[in-house]
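Hello,

Here is the structure for you to look over. My notes follow below it.

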Amino acid sequence: MSTDASDGSIYYPERLHSAEEHLAWWSSVPVPDEVLQSVMDDYKNSRTVTVNSIVGKWEAPKRRTRLEQGGV
């Protein structure tokens, strides 16, 4: 593993095998601001799509009045 990030880029990273190598390599590679901004912009939408694909689109249940609930 190179310590100066010469063996890859953020688009084509080198093959890393351990958590220690990942931390060392990604800590040494500069990530352009436009890439970080793009990730931040896309995060909310991609998270919503991912969660909805797992649990389905959630809708709040219809509120019931006290009379409908059997109360006085």
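Start with Leu 36, which sits in helix 2, residues 33-55. Helices here are DSSP runs of H or I, at least four residues, numbered from the N terminus. This is a predicted model: local features need pLDDT of at least 70, side-chain atom pairs need 80 or more, and totals for chains, interfaces and linings use all residues. Residues are numbered from 1 along each chain as its sequence is written, and side-chain values use heavy atoms, without hydrogens or water.

Helix 2 has 23 residues, and its end C-alpha atoms are 33 Å apart. Just after helix 2, Gly 56 has a positive phi of about 85 degrees.

Leu 36 is partly exposed because its relative accessibility is 41%. Buried means under 20%, exposed over 50%, partly exposed in between (1.4 Å probe, protein chains only).

Now the tryptophans. The structure has one aromatic pair. Trp 25 and Trp 26 form it, edge-to-face, at 4.8 Å centre to centre and 90 degrees between the planes. Ring centres (six-membered ring for Trp) must lie within 6.5 Å; planes under 30 degrees apart are stacked, over 60 edge-to-face, the rest tilted. Trp 25 is buried at 0% relative accessible area. Trp 26 is partly exposed at 37%.

Best wishes

How values were computed. Helices (H or I, at least four residues) and strands (E, at least two) are DSSP runs, numbered from the N terminus. The expected span of a helix is 1.5 Å times one less than its number of residues.
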